[in-house]
Amino acid sequence: MNNTANNSKRIPLWAQAYFLLTLAVLAFGFHKAMTAPTEATMGNLYRVFFYHFPHTILSFVFPYLNCAASFLYLFWRSRNPARARAADAFALASAELTVLYASVGLATGMLWGRAAWGIWWAWDARLTTYLLLWLLYVSYLLLRRFSGDDPGSSNTAVLSAALAVFAAIDIPICYMSIRWWRTQHPSPVFGGGADSGIDPVFFPAVLWNMAAWLLWGAFILGLRYALERRRQRAHSDLSLHTISTPQESL
Amino acid sequence: MQPWLPQRLYTRNVGFDSQTVADKNPAAVQLDRVSLLFGSFVALREVTLTLSAGASVVLLGENGAGKSTLLRLISGVASPSFGSISVLGDTPRNRRGRIALMGHASQLYDELTALENLAFFASLHNPAPAAVLRDRAEQALREVALDPANPRRVGEYSQGMKQRTALARVLLTEPSLLLLDEPFSNLDMASAQSMIARMQQWLAAAPNQAPRTLILTTHQAELARPLARTTITLNAGQLVSQEGA
Amino acid sequence: MIYLGHVLAHLRKDLRLEWRSKDFLNGMLFFTLLVLVVFAIAFDPTSYPAIARQISGGLLWVALLFASMTALNQSWSRELRNNVLDAHRLSPAPASAFFVGKAIANFLFVTFVEIVLSLVFVLFYNLHPLGDTWLLLLILPLGTWALVSNGTFFSALSLRTRNRELMLPIVLFPISIPALLAMILATTAVLTGDSSPALWIKVLITYDIVFTIASVLLFDTILNAD
């Protein structure tokens with residue numbers, strides 16, 4: 001059924017190797033970020049950008065993984081319940097990753113803004129979009145928490161899958177609307193990046209950190225997914241045990 | 001204890017394979033090791049049950065034995081945690097409209113009159129011109145000894161009148177499988193007897209019609225005796241006995 | 001056309017129910033008036049006549065947003081009373097017709113409150129729009145539909161949650177933000193006459209179409225979620 005062995009507590013070799021690779025790339029990315037040439041206007045403070053950029057880009061990738069997993073859940077729900085459960089676990093994991101990466105993106109964005117402009121927040125296009133993304137997926141997680149008292153019930157999965165579809169449709173609409181909003185009323189553009197163009201001298205640092213945080217994100221995603229699958233299995237086992245244990249008469 | 005096969009772990013309401021269904025299964029209801037849990041509370045425990053079409057079943061058991069849960073499961077409003085269920089040859093959800101469930105609550109709108117309630121639900125099940133729906137609703141109300149012209153809203157009805165209206169509503173939807181959860185509670189003897197007579201009348205379908213199956217739960221086993229061709233007893237979520245056809 | 005028949009049956013039923021009880025129309029009207037008064041105290045229009053026009057679009061829609069929360073929560077609680085929802089779940093009529101009927105009913109109720117609200121608003125804020133006022137006849141329904149259709153869907157979704165009344169705003173607000181932005185900016189554009197609301201009207205139309213389709217397709221799934 002699953003290749004993560006049912007009663008194996010040992011972490012597979014490939015996972016350990018992958019983890020070490022991720023750490024290595026993270027370390028190298030850090031090195032590159034710290035040794036990149038100092039920027040003219042901001043001095044060393046600009047280096048937060050190397051963390052801001054990958055997190056914000058990736059925080060737009062995870063929602064679509066969540067959306068795909070939700071679709072698969074809805075599709076497999078009556079056809080293949082076992083796979084549907086796996087899809088649901090993946091949807092949960094990717095939603096949590098979205099919130100994580102969006103939080104880091106917001107925090108680093110605010111640090112950048114503080115360093116560059118002296119203010120913690122402005123309702124510019126980028127920050128507002130990240131904030132909305134964050135809000136959408138926090139509401140998803142809250143829905144999961146509040147739906148159904150039974151953590152294993154399909155109620156949670158179905159309702160969250162519906163919300164996930166809506167959220168994924170909403171993201172591009174949000175992005176465009178906020179962009180148009182801010183072109184009508186321009187405000188300081190925070191966090192230079194895609195639009196303002198990155199000086200090629202920074203490319204190695206940007207790319208290495210991008211790779212590093214991508215690997216790290218995939219690692220955490222896989223870890224969270226495996227954790228959720230274990231929880232599902234434990235819950236199922238417990239339920240089956242409860243059923244097969246003869247109950248004392250009331 | 002038979003060890004669970006891996007695929008059983010996650011089976012939910014899958015119904016039987018197309019193979020079995022294609023065998024022209026005459027069973028109206030078939031449960032195979034169905035369990036339903038609410039958190040850690042086991043409402044139904046490995047219930048295996050087969051009821052053929054045309055059965056008239058009385059379901060007995062103490063409070064909390066799982067009778068209501070079983071009816072909800074068969075109707076499709078609830079889904080099993082484990083095991084598979086087949087109703088009228090398919091999953092309950094695919095048989096929507098052919099199964100009717102009358103529960104503890106009246107399932108009626110308090111602000112509407114009985115006639116308006118029935119006409120509305122009739123339109124959902126068998127759409128027809130308004131006049132036709134009204135006629136059907138009036139007929140259904142008369143058959144349970146209620147006055148169709150009563151202008152009072154259902155919210156103002158006595159409990160007994162609500163129950164009779166609820167019965168009229170489910171009968172109007174022309175189900176093949178009728179599930180009644182304690183239909184006689186709150187009824188006086190005369191009303192209960194006339195309700196039983198109405199149910200017997202309903203069960204006796206015309207030869208060219210699809211067979212009709214009735215399952216009802218009650219605490220008053222004696223009262224329901226005329227309808228009990230089959231008697232099933234539940235205790236603490238488990239099927240304890242099945243007697244009769 | 002049977003589908004349309006079902007939609008109309010649901011619509012008629014909801015209108016009749018509300019007419020008989022007048023539950024939330026009364027409550028909603030009064031609540032909205034209260035919200036307006038609070039806003040007037042918070043953002044005094046007479047002391048700052050210049051910005052009154054700038055912010056009235058926003059205030060109007062925020063007041064409506066809160067008012068429609070009450071309407072939406074109410075509309076489904078009626079179906080939970082006496083377990084009527086189970087009767088709907090067991091009927092063969094398409095669940096999406098149920099959704100559309102109820103959404104239209106809610107739309108009519110909220111529009112009614114909105115008309116009253118707008119009149120009171122014009123009064124309290126001494127507004128006279130500087131742009132093409134007739135566009136408001138387009139913007140108001142489009143904006144209201146965006147709120148109401150998503151609201152009806154999500155309040156049905158919240159029925160199965162522990163904290164039903166809190167869940168609705170938590171889930172609805174983030175999804176609705178682009179629509180809110182569009183309706184507020186469009187209304188402000190008309191009131192101030194500064195810019196053209198055309199872009200925002202297009203955004204609203206797109207939003208309405210996309211999310212109505214999504215709601216119709218997904219409603220059956222969430223109604224029958226156990």
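A: What follows describes the sheet, then the core, then the confidence scores.

The model is predicted, and the sheet in question belongs to chain B. This open sheet has six strands in the order 5-6-7-3-8-9, and their pairing is mixed. Strand 5 (99-102) and strand 9 (238-244) of chain B form the edges, each pairing on one side only. With direction ignored, neighbouring strands of the sheet are turned against each other by 15 degrees on average. In general, strands of a sheet pair through backbone hydrogen bonds, in either a parallel or an antiparallel sense.

The largest nonpolar core has 207 residues. The residues with the most contacts inside this core are L118(B), L179(B), A182(C), A186(C) and L204(C). Helix 4 (residues 81-117) of chain A gives the most to the core, with 17 residues. Leaving out residues up to four places away in sequence, L179(B) touches L71(B), I74(B), S75(B), I99(B), A100(B), L101(B) and I215(B). Of these contacts, I99(B), A100(B) and L101(B) fall in edge strand 5 (99-102) of chain B.

As for confidence, the model scores ipTM 0.90 and pTM 0.88. Chain C averages a pLDDT of 88, and 100% of its residues score at least 70. Among the elements of chain C, the mean pLDDT is lowest in helix 2 (residues 23-42), at 83, and highest in helix 8 (residues 198-223), at 94.

Terms used: Residues are numbered from 1 along each chain as its sequence is written. Chains are lettered from A and ligands numbered from 1 in the order in which they are written. This is a predicted model: local features need pLDDT of at least 70, side-chain atom pairs count only at pLDDT 80 or more; totals for chains, interfaces and linings use all residues. pLDDT is the predictor's confidence in each residue, from 0 to 100. Helices (H or I, at least four residues) and strands (E, at least two) are DSSP runs, numbered from the N terminus. A nonpolar core is a set of buried Ala, Val, Leu, Ile, Met, Phe, Trp, Tyr and Cys residues joined through C-beta atoms within 7 Å. A residue is buried if 20 or more other C-beta atoms lie within 10 Å of its own, exposed if 12 or fewer, and partly exposed in between; C-beta atoms are placed from the backbone. Two residues are in contact if their C-beta atoms, placed from the backbone, lie within 7 Å. Two strands pair if DSSP finds at least two bridges between them. Axes are lines fitted to C-alpha atoms, for helices over the stretch in contact, and angles run from 0 to 180 degrees between N-to-C directions.
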